[in-house]
Amino acid sequence: MQRLRVAFLLAALAAPVAYSQTAPVFGYKDFTQQSKWDSAFMKVPDAALAGAHLKELTKAPHWASSPEDKETADYVAAKFRAAGLKTEIVPYRVWLNKPVKIEITATDANGKQLMSGPTPEHVDAAFGGDPYQDDPRVLPAFNGSAPSGDVTAEAVYANYGTFEDFKRLKEMGVDVKGKIVIVRYGANFRGIKSYIAQQYGAAGVIIYSDPADDGYVRGDMYPRGAYHPETAVQRGSVQFLPIYPGDPSSPGESATVNLPDSKRVMDPAKQNQPSIPVNPLSYKDTAPILAAMEGKNVPKEWQGGLPFAYHLGGTGSVKVHMHLEQDYKLRTIWDVIGTIEGTDKAQKDAWVIAGNHRDAWVYGAVDPNSGTAAMLESVHGLGELLKQGWKPKRTIVVASWDAEEEGLIGSTEWAEGHTKELSKAVAYFNVDVGVSGPNFGASSVPSLMDFVRDVARRCLRRRAARCTHSGRAAMTKRRRARSQTSVIRTPRRPLRRARATRFTSVCSAPARTTRPSSSTLACLRPTSARTARTASITRSSTTTTGSSRTLTRPSRI
């Protein structure tokens, strides 16, 4: 329920500031009236309702621009309207690729086939299987913004594909020009891996999740644990975001449905996308390639978790064939924007914005819809405050972005169409991965550090109060049981000291993430200790309780 406190943050930022001190609350000289609204709000969000939202939003794969994606937009819009928000569904026409055929094969020096993939993502029936894994609407594992291509070349291993890794390959005498580079997820954004490989002259890129980073080396695989099973693949965009984010065909222009093609950039060479084929693989499919590669042994720190020594390759021992057919076209996506108008003429244009994306590569149970479910209950709370007569002085905007996974597209297009209004905005709260374990994490601009700490302390105190209540009840129950059985025993302390919450205050995204934040507006990004991915197509009814990556569908928020 900690994520639901975002709505209180919105209400607090949008409320008036008085002049007498009653409580040390960040941003307030007098928190008396606002504390009453806070208490009223916190009675509203319902974990059961959040779970119902999550089940509805993840009942089908809903890749951006699909009919199922539009259904989620309609659902969110209906909840916004029910809460009393002025609501609109804003369509955009953006340049997206959809895979038609993905074929990757590898052969050894004698022409013997080593692998043919990608292998469909499946959970072993011996461990319970997955009833959702064979849905025909699940697209094959692919990378957004990857081009079509048909290349055959020698394979080279480049660790995480950082600039330092490519530089070191060159120092070790390995030339990647004309080669297919195999890199593992981690250390940098996948689009950066593709960009550097392309700059070094690579013919193609394969990106895989190594079990040392997310697999059996770290712990039990799903469904026994939280880590990637052997066929799981991390999908994601390889767009060159540092060049520009958003719709590749309309840099600097909002890609509205009425934007003429004459104002679009349709030349792929001028867009923010790779020109070489790029595709993700599972470590099951990648293992035979790496096992057969020869050449020098990799540096010690490059060794992954597969049960053999890694080699750099580039010697002709393995050839990889990549055949990618992508259907590129202008497709319609839908942002959902809900607004509560401010009442103070002097402050109403100082917008306070909260947002999260809604699209997913497959089901999107954790990323993004655990955040969307929490956001909808926050909207529910704001709606109840409105019924009680609460009105913000500043305008509150709640946004459900589309096509974030493909390159921050929905948020970027909306921002490009509202540059004047956003120049006066005071804050943006981003709720993407709302729940994926018990640990709280947030990042923000430094000026919000005390704000985040204050809110977390309040959540911690509420949690401690609940623990105290349940602990006393449990102790009373034990005492009654002892009195009935006449067993004399010294009772244990019913409470354990709550662990301190850790915070990271940054001006930009952490250095070792595999993707940027959900919006180009991001000021504050609540996340779990480990950002969960929608790489898995799994969608079960339980959630992992550890702080590691969650691949399942949470049943509670």
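**Loops and interior**

Tutor: Alanine 403 counts as buried, with a relative accessibility of 0% (buried is under 20% relative accessible area, exposed over 50%, partly exposed in between; 1.4 Å probe, protein chains only). This is a predicted model in which local features need pLDDT of at least 70 and side-chain atom pairs pLDDT 80 or more, while totals for chains, interfaces and linings use all residues. Numbering runs from 1 along each chain as its sequence is written, and side-chain values use heavy atoms, without hydrogens and water.

Although alanine 403 is not a glycine, its phi is positive, at about 55°. The residue belongs to the loop that links strand E11 (396-401) with helix H10 (409-416); helices (H or I, at least four residues) and strands (E, at least two) are DSSP runs numbered from the N terminus. Alanine 187 is likewise not a glycine, yet has a positive phi of about 75°. Its place is the loop between strand E5 (180-184) and helix H6 (190-199). With a relative accessible area of 17%, alanine 187 is buried.

Two cis peptide bonds deserve attention as well. One runs from glycine 117 to proline 118, with omega near 0°. Proline 118 sits in the loop between strand E2 (113-117) and strand E3 (143-144). The other joins aspartate 367 to proline 368, with omega at about 10°. Here the proline, residue 368, is in the loop connecting strand E10 (352-357) and H9.

Of its 557 residues, 55% count as buried. Among contacts (heavy atoms within 4.5 Å) between residues at least 6 apart in sequence, 80% join residues at least 24 apart.

Once neighbours within four places in sequence are set aside, isoleucine 289 is in contact with Ala106, Met115, Ala155, Ile182, Val318 and Val320.
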